[in-house]
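Take a moment with the sequence and the fold below.

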Amino acid sequence: QYFQKTNLIHLIKKYGNFLPYPVLFSEKDSKPKRLNKSEFPWEKQRASKPELISFGESFFDIKVIDCIPLYADASNSAGYAFIGMASNSLSVQNHSVYLNRMFLSDKVDNLLPEWVFFAKCVINSTGLRPTASREAFFEDEVLIKTKGQLGACIINYLHSLKTTDPVLLNKIISRHETAIKLAATSSDEFFDNIYDLIPFETNYGNKTFKDIAGTGREIRYVPDIDEFKKISGIAFNQSIEVVNAGYVYEPALFEKLIDKFPDLNFRRFSAEDLIWELKELDLKERDEVFDFLAQADNILKEFGCTSEVRKFDPDNLSGI
């Protein structure tokens, strides 16, 4: 079946599309037809980003948000990481690797850092040694350096977007937020380089951790979405900033942040904690609720409890 026309053309294009020599196909009396392109798109002079994105979309059959140039001089490896519109399977890498321009495998899982599963990469290398199965590379010093350099390309690019194109950065993170947060919890290296780009929901709007910590105030976080919704409005009107750390992987992220910044004052916050930060009544207001408190204390006496009345703004908010 390998010599049937359709299969043969498919295999030639798959494995030899970027070989530096023309691969021609002919049948009977027809003129030879070239099957391969002989160069990667990033090797063309002045290859534009739209051209590269178009290549990534065609190659992986996805819609691409952005593409990131990759290079590692440790092994003379080069290529591009393509970030799609849709989230990839969590913790699964989908990269196509070429060795000396010949397609090696789309199952190589040890060339890039383990956290690069929110992008699909195409990479050509001339300085790495494949294993016998040709689905991985030998774990040697060259591979370790290569992996670090390729990861640094992605990290540095994302950080550069903070100043060059923050709208695009927000789009990438919002599309792949769950994957990026999972990567940050599972990899200390990725966490150390990305934590200040991840947005968190607060009752003052979405903020990065750098912005939250930059206030100099106690960092109050709620690791439960329903609890956050219950107290966020009241806390806002008491000028208390609260961070929602209840979405998937966020509790684990805050544990890593607490370990990384021992000098910062973190506080796990709840509705019960908020009650004691509400405003106390003035004398006139105390007189107005005196009879109520007396009756409440009498009822609660047998339980060893006393009542406390506090106030909050605005008065049209529901109680906790």
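How many disulfides does the count come to? The count comes to zero disulfides, where a disulfide is a pair of cysteine sulfur atoms within 2.5 Å. This is a predicted model, in which local features need pLDDT of at least 70 and side-chain atom pairs count only at pLDDT 80 or more, while totals for chains, interfaces and linings use all residues. Residues are numbered from 1 along each chain as its sequence is written, and side-chain values use heavy atoms, with hydrogens and water left out.

Look at Cys121. The nearest cysteine sulfur belongs to Cys153 and is 10 Å away. Cys121 is in no disulfide. Cys121 has 0% relative accessibility, so it counts as buried; buried means under 20% relative accessible area, exposed over 50%, and partly exposed in between, with a 1.4 Å probe and protein chains only. Cys305 has a relative accessible area of 38% and is partly exposed.

Now turn to the sheet with the order β3-β4-β7-β5-β6. This open sheet has five strands and mixed pairing. Its edge strands are β3 (64-72) and β6 (102-105), each pairing on one side only. On average, neighbouring strands are turned by 20° against each other, direction ignored. Helices (H or I, at least four residues) and strands (E, at least two) are DSSP runs, numbered from the N terminus. Two strands pair if DSSP finds at least two bridges between them. Axes are lines fitted to C-alpha atoms, for helices over the stretch in contact, and angles run from 0 to 180 degrees between N-to-C directions.

Strands β5 (residues 94-99) and β7 (residues 120-125) run parallel, joined by six bridges. Within this pair, Ser96 stands opposite Val122 in β7. Helix α4 (residues 166-175) packs on the sheet and touches β3 and β4, contact meaning heavy atoms within 4.5 Å. The direction of α4 makes about 95° with that of β3. Helix α2 (residues 49-60) lies across β3, β4 (77-84), β5 and β7. It runs at about 100° to β3.

Another open sheet has five strands in the order β9-β8-β11-β10-β12, again with mixed pairing. Here β9 (205-208) and β12 (266-268) are the edge strands, each pairing on one side only. The twist averages 40° from one strand to the next. Strands β10 (residues 219-222) and β11 (residues 242-244) pair in the parallel sense over three bridges. Val222 stands opposite Asn244 in β11. Helix α8 (residues 225-237) packs on this sheet, touching β8 (199-202), β10 and β11. Its direction makes about 155° with that of β11.
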